[in-house]
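Hi there,

Here is the structure I promised to pass on to you. Have a look at it first, and then read my notes below.

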Amino acid sequence: LQVWGDSGCSHSVDLTALGKHGEVYTEGPFACLAWSHSETWLLYVAEKSRPKPRPPCPWDVPGAARPVEEDEDEEGAVLQGEQFVYREDWGEALSTRSVPVLCALDLESSSVSVLEGIPEHLSPGQALWSPDDRGVVFVGWWHEPFRLGLAACTNRRTGIFHLDLAGGCCGEHQGQWGCPGAPWGTDLLLSTELLSDEASAAFSPRLSPNGQRLLYLEGGLGGPHRQCLRLRMLTWQTRQTVTVLDIVQEPTEGKHVVEGAGLGPFPQCWVPTAWAHYCSAALAAFAGLYAEVLPPRCWASDSRRAMLVTPQRSRTVSPGDRGVRDVAPTPHAPTCSLSSGSPEGAWELLTLQWDLLVATCSAPNHPPSLVVSVLPPVGQELPLSWVPVEDAPVVPGVTWKTLTVRPSCNGQSPTALSTQDFEALLLSPTDGVAPHPLIVCPHGGPHAVFDARWRPSMAALCRLGFAVLLVNYRGSLGFGQASISSLLSRVGEQDVADTQQLAVEQALRTEPLDPHRLALLAGSHGAFIALHLLTREPERYRACALRSPVCNLPALLGTSDIPDWRYTSLGLPYAFERVPRAEEVAAMLLRSPIAKAAQIRTPVLLCVGARDRRVSPTQALELYRVLRARGVPVRLLWYPEGGHALAGVETEADVFRNCAHWFLRHLGQ
């Protein structure tokens, strides 16, 4: 770790070499790097130090005691017979994360202390210093009775805790820890205090500059792996918590703020959105919060406003502000967007410091541009002038639009849930002769979203002459919690119908597209949808390229890091001790594309990562064998170091190259 100041590098510390812990967490849900207010301490998260196995000696006697070497303590080596004990991790993309610990680095002495006093049933992360540097606020993940995957899952049981480093005896758990030179003294009794609701998923704490308010996100336990979230605010001195933004079931025009809970003043706020794109009214419907984290620096300097970024339908909204003010409760607080009218489809707030906003904005035909602005005083937020710092040109030959798809109310599903509209993004080439061949892309998740951001691979397909349809079927993020919930128990049915019978058919009716040259490109749950389409309409699609496909639902019960989703997706309850019944396994198999794989006639390209913990690569291998046996053109790409996302420059480039060639070959381009 290096610390740089005006005069250059002031500190350089090899944290791992100090021997206090294992690998430092630099990314992922646990990671953090927080300055104390005195700027003399740094708080971070690392893997707990493990004893190292001692190389066996030829004269070792089984069970015999061995004298401890002078440079080795009694816990310095793994006991014989213990080195192969299974150790849980946190699943996909977190296979090296097992037991995180909070660590404090004293910059003056270059010494590291591992904070104790964390309850044993919690894994800590996302830590920051309390207002007086005499405590630590952190997120604790429950990991008993065993760990479930965390990637793209905001429904795990978590809480916001305060670890009192100055001592106390009224906490949930107590332990001993001290560090010479620390502002909290040495050898003091530690206690932890739960600040959030006990039975919830609370995370991403952000302390206001004046240290008086703590914002965090909160969602429900279990259910969909990603959901609409609440924005909660805790007053530090009184420990009173209010809801700043509540869960939005269905976006309703003119109703933007849900009344808060609790006593005392309720904050009046503005929300970050780009919903003006969808409604000519001054204030349109806010669809809720769906961000996995709050921006690291989200508070304005006045400690009354905070900047948020969240998907709203098919856009990730601009950095907007929701000012926090001590006023009387109001059921209709004003809302605004700081980028209303912007042609860009996706914004990301990089930082807010000294009221200077730094953000990126992009669109399907426009690579990210770096922009800055100064946040005006309260009440004068609009209009906001964005100044480009580094602007990328629009990519020629690519246009895009948003298609709104409105399901008709039929006799089979007359409920409001089944008639909510959804969207699809259509990217089209401007060169060439229409009608264009169409590549259909339902997203994975399923609770995710294709927002209107720059995606190099999609723009490249357009430059090759293909139109691309990115489908945000019902169940996607950004359309309200009711839309998310509508997919539960309907996977393999509603999502499949939304993609083909609604989105694709509407695009073919209204756009210059060739109905005889259709292809599918999808990953994970999107590949699950694509395979269902191939089994139901074997002659409709001429080519298909899939990444990490879900083929066999019951087989994932014992191989996936999120076995709970297999039950939840079918509307079944989940418990850690759950053992599937025969009829439940049968129901899962009936919803699985592998059950009807014999009907597939379309050439299929499969791309999988050997290290995928979310969807085992054996899912694709099983499908590959079935298609090979039946003479269907199929190709399997197996990436030894690849995970579920098949990330990495070389891997992504190879996947795209093969997919592009597959489509050019089978669509006759």
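**What I found**

Residues 24 or more positions apart make up 66% of the chain's contacts with a separation of 6 or more, where contact means heavy atoms within 4.5 Å. Please keep in mind that this is a predicted model, in which local features need pLDDT of at least 70 and side-chain atom pairs count only at pLDDT 80 or more, while totals for chains, interfaces and linings use all residues. Residues are numbered from 1 along each chain as its sequence is written, and side-chain values use heavy atoms, with hydrogens and water left out.

The chain has 8 helices and 33 strands; these are DSSP runs numbered from the N terminus, with helices being H or I of at least four residues and strands E of at least two. Of its 669 residues, 55% count as buried. Buried means under 20% relative accessible area, exposed means over 50%, and partly exposed is in between, with a 1.4 Å probe and protein chains only.

Now for a sheet. In what order do its 8 strands come? The order is β26-β27-β29-β28-β30-β31-β32-β33, in an open sheet with mixed pairing. Two strands pair if DSSP finds at least two bridges between them. At the edges are β26 (398-405) and β33 (634-639), each pairing on one side only. On average, neighbouring strands of this sheet are turned by 20° against each other, direction ignored. Angles run from 0 to 180 degrees between N-to-C directions, and axes are lines fitted to C-alpha atoms, for helices over the stretch in contact.

Inside the sheet, β28 (residues 436-442) and β30 (residues 513-523) run parallel and are joined by 4 bridges. L438 has L518 in β30 as its bridge partner. Helix α1 (residues 456-463) packs on the sheet, and its direction makes about 50° with that of β27. Helix α3 (residues 494-510) packs on the sheet too, at about 125° to the direction of β26.

G492 sits in the loop between α2 (481-486) and α3, and it counts as buried because its relative accessibility is 2%. Beyond its neighbours within four places in sequence, G492 is in contact with F528, H532 and R536.

R97 lies in the loop between β4 (41-47) and β5 (100-106). Is R97 buried or exposed? R97 counts as buried, because its relative accessibility is 7%. Leaving aside neighbours within four places in sequence, its contacts include E23, E47, D89 and W90.

Happy exploring!
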